[in-house]
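Me: I would like to go through the labels attached to this model and see what each of them rests on.

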Amino acid sequence: VKARVLVATGGADPMVPPKQVGDFVTEMGQAGVDLELLSFPGVLHSFTNPDATAKGKETGLPVAYDETADRKSWSALMRFLDE
């Protein structure tokens, strides 16, 4: 991987548990990938989707919108792209 990589994840996301995130970070580091990881404590999967909370309630999936994480991850993405 030659491109820089930005990953934003929910710290409480059971679909992508912390061990999996940690293993990914380790693998990217070993491969020399320029990786930036944002992890939002207490945040579930699909945190940037305003419809996620309703969908989670409807389906029982562990998904929920988080306005703060959404805003921070969007800001980080815009900064990342500007760089």
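This is a predicted model: local features need pLDDT of at least 70, side-chain atom pairs count only at pLDDT 80 or more; totals for chains, interfaces and linings use all residues.

Me: What makes Glu58 exposed?

Reply: The relative accessible area of Glu58 is 61%, and exposed means over 50%, so Glu58 is exposed.

Me: How do you know that the side chains of Lys55 and Glu58 meet in a salt bridge?

Reply: The N to O distance between the two side chains is 3.6 Å, and the criterion asks for a Lys or Arg nitrogen within 4 Å of a carboxyl oxygen of Asp or Glu, so the pair qualifies. Both residues lie in helix 2 (residues 52-59), 3 residues apart, about one turn of the helix.

Me: Why is the contact of Glu36 and Arg79 said to tie together parts of the chain?

Reply: The side chains of Glu36 and Arg79 meet at 2.6 Å, N to O, which is within 4 Å and therefore a salt bridge. Glu36 lies in strand 2 and Arg79 in helix 3 (residues 67-82), so the pair ties together parts that are 43 residues apart in sequence.

Me: Is Glu36 buried or partly exposed?

Reply: Glu36 has a relative accessible area of 22%, whereas buried means under 20%, so Glu36 is partly exposed.

Me: Which residues are linked with Glu36 in a network of salt bridges?

Reply: The network links Arg4, Asp34, Glu36, Arg79 and Glu83.

Technical notes: Residues are numbered from 1 along each chain as its sequence is written. Side-chain values use heavy atoms; hydrogens and water are left out. Helices (H or I, at least four residues) and strands (E, at least two) are DSSP runs, numbered from the N terminus. Buried means under 20% relative accessible area, exposed over 50%, partly exposed in between (1.4 Å probe, protein chains only).
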